[in-house]
Amino acid sequence: MGVCWCKQKHEEHDTYVPQQHHSNNHNINATIQPVSPVAPQYYIRVAKAPDPHLVDKLVLETLGVIATLVDNEQEPPASMLLLHNIADNEEGFIQVVNSMIKVVPLSDPLGPSIITLLLDDCPLPSKESVFKVVDMLNLSKESAILGRQNPSRERNICVVLGCIAETLAGPRNLKILSDPMLDYLLTNLGPETDPNVVLFSLIALEKFAQSSQNKSTILKRLHQLDPCPINALEKWRYETHYIKRQVGFCAQWVLDNLFVMNNRKYSYLTVNMEKINAMLNTSDVSEYLKISPDGLEARCDAYSFESVRCTAQADSGVWYYEVCIITPGVMQIGWATKHSNFLNHEGYGIGDDKYSLAYDGCRKLIWYNAKSEPQDLPAWQSGDILGCFLDLNTPQIIFSINGMRLPPCTHVFTMAQSGFFAAASFMSFQQCRFNFGAEPFKYPPPENFSTFNEHGSLRAEDKVVMPRHIFLDQLRQQNIKEDSCTLCYDQKASVRLLPCKHSGFCPSCASQLLECPMCRAPFELVVEENP
Amino acid sequence: MAALPRRIIKETQRLMQEPVPGISAVPDDSNARYFHVIVTGPEDSPFEGGLFKLELFLPEDYPMSAPKVRFITKIYHPNIDRLGRICLDILKDKWSPALQIRTVLLSIQALLSAPNPDDPLANDVAELWKVNESEAIRNAKEWTRRYAMDN
């Protein structure tokens, strides 16, 4: 079809950038190919005004089929491709948004993820389309109050707003976050609102706050409200109502990271870490995963497939940890060595390479090397306990749900016999809490076992889960020497390439080069430079 | 989050201290590898007067591999497709670790000044650009007005 090699099929996702990337999961990811011009076989000309019933049906069909896709090679669902084509013009885009708001049920664990997935992969909407959608929704304080009758609709609206906030350009974003819209989102944070709506209003505010001007507008409004509604939501942090608990987590996160209030202490300064000897590793995590101040709970609100490993390592013997499932959607939780890569933007996570093995209780699949084996048990629910048992003597890995054991797995041991870490990957809007043994286990296995918390040790400074803006500020103040390697700035520039004679590189960068970075000439020799 | 490579810190510091005219690139508050970019449409191009938002991400092995960049603002350009993906050699096989965020963004600005319909990513746009350039330029101006200007 074209002459440009950019269009080669395997290259298609290359220029994607993560925040907009829909890599919720590799296999879902693989189902989404840009519709046209690269997939002309699916191109169906759609009439200007699409039939609302047809679009409703296509949205529900996509929702139904996406959870059953387990194979990377599987073709994308036809319903999804059709929706993308429909959304290519203004009326179509508005109809797709309308249908999603109308038909995606509150109870479907993948609902919000599918909305973001569909919108994210639609052709870029025009400014007018987006304004029309926003006008059509006609959001205000009053609409928020009226909307309490219909939480599923309001929840979906908030998910859509989050997507719009993330997709649109800065100045336009400012216009969209109008006063009535802000009233709407802030009113939704009130105690009478369904917690599902509270949750996604909070996430929408977080996404709007990505442009700094919006952030200061929101902050100003929050300061005027007394008391700040987000402070009250933070108290839901340890609720056993799992939607409220997610709200609590997100409220705490935005107060620590985004909407910093003068009269509030950062959570990392107040949390008690005395008994914690093992936690999620803040230096071994993909960039968008949110980790709680105590290092034991994690959540993803990005569209990428975020991953993390724990701080302690299992090299021999028998080990066990538990995970409390907060959200019943797609997570891949299990064991990984350091060789397992977090390719969050490509949608690969734990269980998607040869060095990790994971269970996904939403789709009931054990994952190894990006291949899955179906398991015969009900899908996991909020509050379920996933047990992760690792026996390096046998060797075997046994997952359990609420004490009920799945068949043992051994695949991963052909590649590694030691160096295992607890690890997990999260699709968008998923959350779970780890217990490495600091608390009593709910379903301890009958065998003798060790725990990371009894064998792990952490220095005080490693137990700090610092808000990212503080961490980044500290980093950016580092001084960088002028005689540094011009490629990495880590080491001293000390070598010269021959025959082109270009210099300014360190030996370790030079060893990774195929040609001179300055003139692209092939080089034959790397020589030490005499100052 | 893994420690941030010095290279990224250095480039960020320079971008803040000596910004490129017509281009703003601001690192995300929570992700130092992600930049919010706004490029102004070059003078004497059909994109003049427009503000184009892009996102730029530095992958794990940057600078050994190229930044990932895409347009977020809709644009009528033969080398940029409906999803905002850019067909530009230095983002692909012509990447060199000596290139920087700054040089990449300058190249993208230059691509706006000089569309290349012989190496298209958006086929229908390229087609029109070749057979009826003035019509294509009219479209590009219209899209700029509709999608990239605020009033």
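Predicted model: local features only at pLDDT ≥ 70, side-chain atom pairs only at ≥ 80, totals over all residues.
A:Val285 belongs to strand E1 of chain A, which covers residues 280–285, and E1(A) pairs with E4(A) in the antiparallel sense over two bridges. On another strand, E13(A), A:Val308 has a further bridge partner, A:Ala424. E13(A) spans residues 421–426, and its antiparallel pairing with E4(A) runs over four bridges.

These pairings belong to a wider arrangement. Seven strands of chain A form an open sheet, in the order E1-E4-E13-E6-E7-E8-E9, with antiparallel pairing. The edges of this sheet are E1 and E9 (371–374) of chain A, each of which pairs on one side only. From one strand to the next, the twist averages 30°.

How much of strand E4 of chain A is buried? Five of the five residues of this strand (residues 306–310) are buried, so E4(A) is largely enclosed by the rest of the structure. In a regular strand the side chains alternate between the two faces of the sheet. For E4(A), both faces are covered: A:Glu306, A:Val308 and A:Cys310 are buried on one side, and A:Ser307 and A:Arg309 are buried on the other.

E5(A) pairs with strand E10 (residues 385–391) of chain A in the antiparallel sense, over seven bridges. Within that pairing, A:Tyr320 stands opposite A:Phe389 of E10(A). Strand E14 of chain A also runs antiparallel to E5(A), joined to it by four bridges. Here A:Glu322 has A:Asn435 of E14(A) as its bridge partner.

A:Ser450 is found between strand E14 (430–435) and helix H16 (452–455) of chain A. Leaving aside residues up to four places away in sequence, A:Ser450 touches A:Val318, A:Trp319, A:Tyr320 and A:His455.

Turning to the helices, H2 (residues 52–66) and H3 (residues 78–86) of chain A pack at an angle of about 140°, with their axes 8 Å apart. The two helices are therefore oblique to each other, and their crossing is left-handed. On the H2(A) side, the contact is made by A:Val55, A:Leu58, A:Val59, A:Glu61, A:Thr62 and A:Ile66, and on the H3(A) side by A:Ser79, A:Met80, A:Leu82, A:Leu83 and A:Ile86. Sorted by class, the contact between H2(A) and H3(A) holds eight nonpolar, two polar and one charged residues.

Helix H5 (residues 111–121) of chain A is mostly covered, with 11 of its 11 residues buried. Among the buried residues of H5(A) are A:Gly111, A:Pro112, A:Ile114, A:Leu118 and A:Asp121.

A contrasting residue is A:Lys501, found in the loop between strand E15 (495–498) and strand E16 (503–505) of chain A. With a relative accessibility of 53%, A:Lys501 counts as exposed. A:Lys501 and A:Met279 are 222 residues apart in sequence, and their C-alpha atoms are 49 Å apart in space.

Stepping back to the whole chain, chain A holds 18 helices and 17 strands. Of its 531 residues, 60% count as buried. Among contacts in chain A between residues at least 6 apart in sequence, 69% join residues at least 24 apart.

Key. Residues numbered from 1 in each chain as written. Chains lettered and ligands numbered in written order. Heavy atoms only, no water. Axes fitted to C-alpha atoms, helices over the stretch in contact; angles between N-to-C directions. Parallel < 35°, antiparallel > 145°, perpendicular 65-115°, else oblique. Left-handed = near helix turned anticlockwise from the far one by under 90°. Contact = heavy atoms within 4.5 Å. Nonpolar A, V, L, I, M, F, W, Y, C, P; charged D, E, K, R; others polar. Buried < 20%, exposed > 50% of the residue type's maximum accessible area, 1.4 Å probe, protein only. Pairing = 2+ DSSP bridges.
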